[in-house]
Amino acid sequence: QVQLVESGGGLVQAGGSLRLSCAASGRAFRTYAMGWFRHAPGKECEFVAAISWGGSKTYYADSMKGRFTISKDNADNTVYLQMNSLQPEDTAVYYCAASSSIATMEAPTSWGQGTQVTVSS
């Protein structure tokens, strides 16, 4: 398993941007598919985006397509989530997750501690 630590959350105005980072420990990072999820108060945990182990395939929730971009740097053991055109409904705790493949991303084997993103109107 890998250990994951997110950073980059904060307070931003509607229409603004943030880039979240997820630093992973462990030499096996390059073999993992990575994903981002979010959890807003009173709502269920929601899939945001995922990327294959090599970075060639990406997947997004419909509401994030065109606004969010996931990327993976295997040399730095880091996965990123660039978030543009943020809206108040994007306010949530964002979690980084790792899984053995994209196909099993619905049940990740590792989770980060989360980073808060707050979008003001």
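Asn 77 sits in the loop that runs between strand 7 (68-73) and strand 8 (78-83). Keep in mind that this is a predicted model.

- Asn 77 has a relative accessibility of 19%, so it counts as buried, the cut-off being under 20%.
- Leaving aside residues up to four places away in sequence, Asn 77 touches Cys 22, Ala 23, Ala 24, Gly 26 and Phe 29.

**A charge over a ring**
- Phe 29, one of the residues that Asn 77 touches, also has Lys 72 lying over its face, at 4.4 Å from the ring centre.

**The aromatic rings**
- There are three aromatic pairs in the count.
- One of them is Phe 37 with Trp 111, a tilted pair at 5.1 Å centre to centre, with 55° between the planes.
- Phe 37 belongs to strand 4 (residues 33-39) and Trp 111 to strand 10 (residues 110-111), so this pair ties together parts that are 74 residues apart in sequence.
- Phe 37 is buried, at 8% relative accessibility, while Trp 111 is partly exposed, with a relative accessible area of 41%.
- Trp 111 also pairs with Tyr 95: the ring centres are 6.4 Å apart and the planes are at 85°, so this one is edge-to-face.
- Tyr 95 comes from strand 9 (residues 92-99) and Trp 111 from strand 10, so here the parts being tied together are 16 residues apart in sequence.
- Tyr 95 counts as partly exposed, at 22% relative accessibility.

Methods:
Residues are numbered from 1 along each chain as its sequence is written. This is a predicted model: local features need pLDDT of at least 70, side-chain atom pairs count only at pLDDT 80 or more; totals for chains, interfaces and linings use all residues. Side-chain values use heavy atoms; hydrogens and water are left out. Helices (H or I, at least four residues) and strands (E, at least two) are DSSP runs, numbered from the N terminus. Buried means under 20% relative accessible area, exposed over 50%, partly exposed in between (1.4 Å probe, protein chains only). Contact means heavy atoms within 4.5 Å. Rings of Phe, Tyr and Trp (its six-membered ring) pair if their centres lie within 6.5 Å; planes under 30 degrees apart count as stacked, over 60 as edge-to-face and the rest as tilted. A charge sits over a ring if NZ of Lys or CZ of Arg is within 6 Å of the ring centre and within 35 degrees of the ring normal.
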